[in-house]
Amino acid sequence: MKIDARSISVTLSGRSIVNGASLSLQSGELVGLIGPNGAGKSTLLKTILGLRHRTSGEVLLDGASFLEKPPQERARHVAFLPQERHVEWSLPAREIIMLGRYPHRARFGGPTADDRLAVVRALDAVDGHAIAERPVNILSGGERTRILLARALAVEAPLLLADEPIAALDPWHQLHVMEILRERARAGAGILVVIHDLALAARFMDRLVLMHEGAIAADGPPAEVLTPDLLGRIYRIEALAGHNAGESYLLPWSRRRERSSNDR
Ligand code: ADP
Ligand code: MG
């Protein structure tokens, strides 16, 4: 399965936020969407899902218009973790995750054995069993993020768009989630993750899409995207590169020295 967003443009409050951005995701790949704060990453994802109005562009799922499909079918094919983690309901975490199964429900049916299994697999994926019965509105920020990610994983959709799924997580859970996402991609899912941790992005992703000021600045293997030149120009940082156990790594180290007007 493949989703293809082509030349998407979005204007909000009279400002151009996304400007001709194209983004694809297909089964079996783990893709990182990176870029500085305000680049337009969340807006692009919401627009692909039909949650923001686009001024131009199209979204195709296996070549057919995605946004014209009925909402329940869209939700079965493409799962979404929004960046906002606000939950008012004092429902147990397990019930929130079960909401992820809603697109699979028959009109008047309750949860099936399949639904319960999907919830258990999602709880495994986020190491969430110990917090599964707690009301979700009193969880810590990182715990709530893991439960909402579990809800998106419980859909078991062929494609998943996750907006900053590991931003609030401790290192153990960050690594755990990255390993689980990589496993799910190997098993055939297509997963796109908005991520600021460039070290984890470089290590785990098959491909990185770098967004800057509403446009796609680079799209390719991590080593081709996280170049000193692009890190300097777009992130305004310098990074250290190293090797450990046959893997290379990248460590953001310093802000790039701003050039004064005298240097130009
Ligand atoms: P990112 O996820 O890359 O950090 P966003 O897509 O959330 O960036 O936001 C991109 C820009 O669009 C930001 O400058 C933000 O203030 C602006 N923006 C987002 N939503 C709206 C909105 N509803 N109205 C006006 N501006 C918005
Ligand atoms: Mg965002």
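**Close-up views of a predicted model**

**View 1. The residues around ligand 1.** In this predicted model, ligand 1 is surrounded by Leu 12, Ser 13, Arg 15, Ile 17, Pro 36, Asn 37, Gly 38, Ala 39, Gly 40, Lys 41, Ser 42 and Thr 43. Sorted by class, the shell holds four nonpolar, six polar and two charged residues. Strand 2 (15-26) and helix 1 (41-48) each contribute at least two residues to the shell. Helix 1 gives the largest share, three residues.

**View 2. Polar contacts of ligand 1.** Where do oxygen atoms of ligand 1 lie 2.8 Å, 2.9 Å and 2.6 Å from polar atoms of the protein? At Gly 38, a polar backbone atom is 2.8 Å from an oxygen atom of the ligand. At Ser 42, a polar side-chain atom lies 2.9 Å from an oxygen atom of ligand 1. At Thr 43, an N or O atom of the side chain is 2.6 Å from an oxygen atom of the ligand. Taken alone, ligand 1 exposes 570 Å², and the protein buries 66% of that area.

View 3. Four strands make up an open sheet in the order 2-1-4-5, with antiparallel pairing. Strand 2 and strand 5 (64-65) are at the edges and have a single partner strand each, so one side of each has no neighbour in the sheet. Strands of a sheet pair through backbone hydrogen bonds, in either a parallel or an antiparallel sense.

**View 4. The pairing of strands 4 and 5.** Strand 4 (residues 56-61) pairs with strand 5 over two bridges, in the antiparallel sense. Leu 60 has Ser 65, in strand 5, as its bridge partner.

**View 5. Glu 68 in a loop.** Glu 68 sits in the loop between strand 5 and helix 2 (71-77). Is this residue, Glu 68, buried or exposed? Glu 68 is exposed, because its relative accessible area is 71% and the cut-off for exposed is over 50%. Gly 50 is 18 residues from Glu 68 along the chain, and the C-alpha atoms of the two are separated by 9.4 Å.

**View 6. Helix 5.** Helix 5 (residues 141-154) has 14 residues, which at 1.5 Å a residue should span 20 Å. Helix 5 is mostly covered, with 12 of its 14 residues buried. Among the buried residues of helix 5 are Gly 142, Glu 143, Arg 144, Ile 147, Leu 148 and Ala 154.

Methods: Residues numbered from 1 in each chain as written. Chains lettered and ligands numbered in written order. Predicted model: local features only at pLDDT ≥ 70, side-chain atom pairs only at ≥ 80, totals over all residues. Heavy atoms only, no water. Near = heavy atom within 4 Å. Polar contact = N/O pair within 3.5 Å; in protein donor to acceptor, adjacent residues only side chain to side chain. Areas by Shrake-Rupley, 256 points an atom, 1.4 Å probe, with all protein chains shown as cover. Nonpolar A, V, L, I, M, F, W, Y, C, P; charged D, E, K, R; others polar. Pairing = 2+ DSSP bridges. Expected span 1.5 Å × (residues − 1). Buried < 20%, exposed > 50% of the residue type's maximum accessible area, 1.4 Å probe, protein only.
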